[in-house]
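Hi everyone, thanks for making the time.

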Amino acid sequence: MPENLPEYPIRVYNTLTKAKESFKTLTAGKVGMYLCGPTVYAEAHIGHMVGPVIFDTVKRYLTYCGYEVTWVVNITDVDDKLIVKSREKGISMFQLATQMTADYLSNLQALGVDQIDRMPRATDSIGEIIAFVEELIAKGFAYASDGDVFFDVTKDPEYGSLSNRSADEQQGEGGGAASRKRSAGDFALWKSAKPGEPSWPSPWGQGRPGWHIECSAMSRGILGQTFDIHGGGLDLVFPHHENELAQSRCCHSKPMVSYWMHNGLMRASSEGGKVGGQSDRGEASEPEAVAVSGKISRSKGAGGLAGLISKHTGERIRFFLLKTHYRSTSVFGDEPLAEAGAALETFYRLFERSGKLLGSSVYDIPYVVRRSEFKAPANPPALLAELIQLRESFLGKMDDDFNTGGATADLFEMARALNRYIDQTKLEESAKPQELDILRQGLSILREMAALLGIFRKPVAVSSGQGDSAGVVAGLMELVVHLRAEARAKRDFATSDAIRDGLKKIGIAIQDGKQGTTWEIAR
RNA sequence: GGCUCCGUAGCCAAGUGGCUAAGGCAGCGGAUUGCAAAUCCGCCACGCGUGGGUUCAACUCCCACCGGAGCCUCCA
């Protein structure tokens, strides 16, 4: 790779310049990427998954394009909310953080986020944080005040450049620490500990880090003073990233990051305005009033991601997040997720159908994992020519600020082309080896693109039977399908339809195809 | 009040100066099927919140207005 530096026209929207810019790395072929992770004081909600899924996809894409990416996601495990929450629960702050970190990690895993290289914890980085604060004081950008240390925003002429606001505009009352601040916009780098609070020794007494400083310290420690991409939710632009940026830029007298990327926020749909059925007419068809509440947040009681995952599958949630552009806000709820699920069925059915023809799982078909390694055949058959073109289209969308939403359209076109090929070539009646090979190659291209989105990496469990019962269900279904086939052979359609209808009522769908009858439990 | 962003078919959603405005969900016709389901083919925005303006040309740029969201306090 070093001798063959990637040259792809990737463009990235930069919050700092408010424009799409050509992607250029600081070090040839290498990318340093930092995403602000969660404060682990409560269970994660779907909003916390947006950034990880997006940046997981960004890393997959950049890696595919030949870059060597180091992706860091921090864990904030010391913070006021952690202290409050742990007291409520009667456990230590560290226990709470450990529990919630485990919850976060399990959610990431369920959504296929497995590209993270480093997950530093704030409490493991206290030494680096203190050193960083000392440097800022030495350089005149920060001052100690009665056990606290504050960043002096008036010393930074560029303060506010990220969120487009000026320091003197900040009319905040300065919080509880106002009396110790020189100006209201100053923010804490180090907070003195009250009795009983978790604390670490420092040159300013016992205390703990402020919110923003850990990211400056940890990103520097792992990625260096300047790195390529810094991400987070749109709600972090101010004050978190603004402050982080100010600390690092002032400390090092150089830019902190090349590209600031911010993802849009999720909004929750909620049923509201349940009107009583007082309709004049007998047929009351009140439209379901769906109120869209604001941004979801844990302070409003959002959560239950684990339940959501078991209900909708991680892949469905991931696809839902990726079918919209990462910078837009989207409304999330059971309906939108179910729709995403319905869309995915197209692919699952294609894979099942193809798997039967090929005699092996589509998920076992190898595919190209480096963009430069794709080799188009000299005279491709029509199907492959079409897929190659769709592949180009897909990659073009991804090059343009990781437009996953636009790219999914090409995925659907690929599925249609493949289904059409199977239909028109009548592969299900008889298939020549070379025809199956073309199908296999086509599926390989589809999988290559899907892998960039981190989907279709492994089969989704079709029968939802649990444990031992799955085998029982499969055996029962085999029997039922067999009996029904006998009825159909005798043209006893009353019986066969009764079986089908009865199964449908308990959530099992039957499909009669040329290759026999298949069944699936409604997902 | 200040600062951002958004408003594209019944719903979700890509596009953002110039060929016929992607794709998905739902729906409707047709092929197929014993009937369905699935799959394929076709239909489904003469118009992209409203009103002005710039331009040879605007959904795409500018202004105003209406509607919605976010940030300015903890937040992914």
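**Helices and sheets, piece by piece**

I'll open with a detail: helices H11 and H12 have a left-handed crossing, where left-handed says that the near helix is turned anticlockwise from the far one by less than a right angle, and clockwise would be right-handed. A word on what you are looking at: this is a predicted model, where local features need pLDDT of at least 70 and side-chain atom pairs count only at pLDDT 80 or more, while totals for chains, interfaces and linings use all residues. Residues are numbered from 1 along each chain as its sequence is written, and chains are lettered from A and ligands numbered from 1 in the order in which they are written.

Back to that pair. H11 covers residues 404-424 and H12 covers residues 433-453, with axes that come within 10 Å and cross at roughly 165 degrees. The helix and strand names are DSSP runs numbered from the N terminus (H or I, at least four residues, for helices; E, at least two, for strands). The axes are lines fitted to C-alpha atoms, for helices over the stretch in contact, with angles from 0 to 180 degrees between N-to-C directions. That angle makes H11 roughly antiparallel to H12; the cut-offs are under 35 degrees for roughly parallel, over 145 for roughly antiparallel, 65 to 115 for roughly perpendicular, and oblique for the rest.

Who touches whom? H11 brings Thr404, Leu411, Met414, Leu418, Tyr421 and Ile422, and H12 answers with Leu439, Gly442, Leu443, Leu446, Met449, Ala450 and Leu453. Contact here asks for C-beta atoms, placed from the backbone, within 7 Å. Sorted by class, this contact holds 11 nonpolar, two polar and no charged residues. The classes put Ala, Val, Leu, Ile, Met, Phe, Trp, Tyr, Cys and Pro under nonpolar, Asp, Glu, Lys and Arg under charged, and the others, Gly among them, under polar.

H11 has another partner, helix H10 (residues 382-399): their axes come within 8 Å and cross at roughly 170 degrees. H10 and H11 are therefore roughly antiparallel to each other. On the H10 side the contact includes Leu383, Glu386 and Lys397, and on the H11 side Asp410, Glu413 and Tyr421 are among the residues. By class this contact has nine nonpolar, two polar and four charged residues.

Now let me zoom out. The domain assignment of chain A gives domain 1 (11-263), domain 2 (336-453) and domain 3 (468-521); such bounds come from an automatic or database assignment. The centres of domain 2 and domain 3, taken over C-alpha atoms, are 30 Å apart.

On to the sheets. What is the strand order in the parallel sheet? This open sheet of four strands runs S4-S3-S9-S10, and pairing requires that DSSP finds at least two bridges between two strands. S4 (68-73) and S10 (257-263) are the edge strands, each with a single partner, so one side of each has no neighbour in the sheet. Inside the sheet, S3 (residues 30-35) pairs with S9 (residues 227-233) over three bridges, and Leu35 has Gly231 of S9 as its bridge partner. Helix H5 (residues 213-223) lies across S3, S4 and S9, at about 155 degrees to S4.

There is also an open antiparallel sheet of four strands, in the order S5-S6-S7-S8. Its edge strands are S5 and S8 (207-209), each pairing on one side only. S5 (residues 142-145) and S6 (residues 148-151) pair over four bridges; Tyr143 is partnered with Phe150, and Ser145 with Asp148. Two residues lie between S5 and S6 in a hairpin, and Asp146 in the turn has a positive phi of about 60 degrees.

Helix H4 lies across S5, S6, S7 (187-192) and S8, at about 105 degrees to S5. H4 (residues 126-138) also crosses helix H6 (residues 237-252) at roughly 65 degrees, with axes within 10 Å. Their contact joins Phe132, Glu135 and Leu136 in H4 with Gln247, Cys250 and Cys251 in H6.

Two residues join S14 to S15, and Asp512 stands opposite Thr517 in S15.

Methods: Contact = placed C-beta atoms within 7 Å.
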